[in-house]
Amino acid sequence: MKKIGRLDRPDNSGSAQMFKNPTLERLSRTHISIPIVLFLGISSVSFYYAVTSTTIALPLGIGIFLAGILAFTFVEYMMHKHFFHMLPDTKFKDKLQYSIHGVHHDYPKDKDRLAMPPFVSAAYAAIFYGVFTLLMQDYALYFLPGFLVGYAAYLAVHYAVHAFQPPKNFLKVLWVNHAVHHYKDPDAAFGVSSPLWDYLFGTLPKK
């Protein structure tokens, strides 16, 4: 699918009105710092309880924490490729795809819509905690912080690549890949915080 969104070309200075109701419209926007602080705060509390209330050895816990970060990068890639870029072959899918991602491709520099609203982010964190606890028991207290730190890092990187000029170091590849995804080939470079899974699954931008 070579076109995401509804505009002929991205509008780098505009912003979409998603809701006619002004309250809903305001709630659909958020400053990037709010979900980042939320996720890092939850991560800190979870890690504290992992250390103080479980018998899991700290070296193992740190390994699980790192596995959580890696797991997030995989989820980020798969969600972006298969959910955010779903084929909108029904009216419902078209509205859903546009609301969650197509609008971002139309207005990529709208800083208020580079993250989900706080109540959605909090709901995500609660769901992750429930699922991870069901699957991992006490190990979830180490895995969840890693996963949410990965999420916070993704949000920070995603904001940075849209709001700032690329740095003159090895991180520049993140800016370049995401620019290719938005302005040249939306079927490439689905990883925002890391090009790892694009490399493994063959979706790196063509040079």
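Run your eye along the sequence and the chain reads α-α-α-α-α-α-α-α. That makes 8 helices and 0 strands, where helices (H or I, at least four residues) and strands (E, at least two) are DSSP runs numbered from the N terminus. The radius of gyration is 18 Å, close to the 17 Å that the globule rule gives for 207 residues, so the chain is as compact as a globular protein of that length. The radius is taken over C-alpha atoms, and the globule rule is 2.2 Å times the number of residues to the power 0.38.

A word on what you're looking at: this is a predicted model, in which local features need pLDDT of at least 70 and side-chain atom pairs count only at pLDDT 80 or more, while totals for chains, interfaces and linings use all residues. Residues are numbered from 1 along each chain as its sequence is written, and side-chain values use heavy atoms, with hydrogens and water left out.

Taken along the principal axes, the C-alpha atoms fill a box of roughly 55 × 45 × 35 Å. Of the 207 residues, 42% are buried, meaning under 20% relative accessible area with a 1.4 Å probe and protein chains only. Among contacts (heavy atoms within 4.5 Å) with a separation of 6 or more, 71% join residues 24 or more positions apart.

The largest pocket holds about 940 Å³. A pocket here is an open set of points on a 1 Å grid over the protein atoms alone, with protein on both sides within 12 Å along at least five of seven lines; a cavity is a set where a 1.4 Å probe fits but cannot get out, and lining residues have an atom within 4 Å of a point. Volumes are the space filled by probe spheres set on the points, which are joined across faces, edges and corners.

The pocket has 37 lining residues, with F84, S99, I100, H101 and M116 nearest its centre. Elements giving two or more residues to that lining include helix 1 (22-27), helix 3 (58-84) and helix 4 (91-106). Helix 4 gives the most, with 7 residues. By class, the pocket lining has 25 nonpolar, 8 polar and 4 charged residues; Ala, Val, Leu, Ile, Met, Phe, Trp, Tyr, Cys and Pro count as nonpolar, Asp, Glu, Lys and Arg as charged, and the others, Gly among them, as polar.

Look for A16, V103, H104, Y107, D110 and R113 around it: 3 nonpolar, 1 polar and 2 charged.

Technical notes:
Buried < 20%, exposed > 50% of the residue type's maximum accessible area, 1.4 Å probe, protein only.
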